[in-house]
Amino acid sequence: MNDALMERLKIFLHREDNRTLVGIPTSQEEIAKAQQRLNISFHEDYVHFIQTFGGAYAGLAVHAFSNGSSLGNETVVDLTLGFREEFKELPFAKVLRTGYVISLDGTGNPIIINPAGKVFICYHDTEEIKLLADSFEALIEENFYEW
């Protein structure tokens, strides 16, 4: 992720009034175990983010392993395995099998990063999949606003 965006995130997330929005930075061991369990490789931008902030708010809740308390306890592994099972019969099941769930929209639709690093949303009501951003970095750039 670019340095300017990371600096904006650091300033915002490390403010005293935002401490519930940032988790505990992720270890390399947690990353390795999760990648093995999910049979995927996390994209380098996502890794950079979670190694810096853990699960944190960046315009949307980005789940990792130790999330900010405002984000809930669901890990990227919990979300991914849960949606893989729940949606295994839907047309976008392959995207879930080869990607990982980093977030949810406001109505429970999973936001997924695929092996190429592109970010998609899967709509469970319509069984459609839509490209949200060409990368995790672009997703954060498009959604993150300081308040």
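**Entry 1: rings.** I started with the aromatic cluster: ring pairs join F42, Y46, F49, F53, Y100 and F136. I counted Phe, Tyr and Trp rings (for Trp, its six-membered ring) as a pair if their centres lie within 6.5 Å; planes under 30 degrees apart are stacked, over 60 edge-to-face, and the rest tilted. The model is predicted, so I kept its cut-offs: local features need pLDDT of at least 70, side-chain atom pairs need pLDDT 80 or more, and totals for chains, interfaces and linings use all residues. Residues are numbered from 1 along each chain as its sequence is written, and side-chain values use heavy atoms, without hydrogens and water.

**Entry 2: pairs.** I found eleven aromatic pairs in the structure. F12 and F144 make an edge-to-face pair, with centres 5.3 Å apart and 75° between the planes. This pair links distant parts of the chain, 132 residues apart. Is F12 buried or exposed? F12 is at 1% relative accessibility, so I noted it as buried. Buried means under 20% relative accessible area, exposed over 50%, and partly exposed in between (1.4 Å probe, protein chains only). F144 is also at 1%, so it counts as buried. I then checked F83 and F87: the centres are 5.3 Å apart and the planes at 45°, so the pair is tilted. F83 and F87 are both buried.

**Entry 3: cores.** The largest nonpolar core has 37 residues. Such a core is a set of buried Ala, Val, Leu, Ile, Met, Phe, Trp, Tyr and Cys residues joined through side-chain atoms within 4.5 Å. Among the residues with the most contacts inside it are F42, Y46 and F49. A second, separate core of nine residues includes F87 and L90.

Definitions and conventions. Helices (H or I, at least four residues) and strands (E, at least two) are DSSP runs, numbered from the N terminus.
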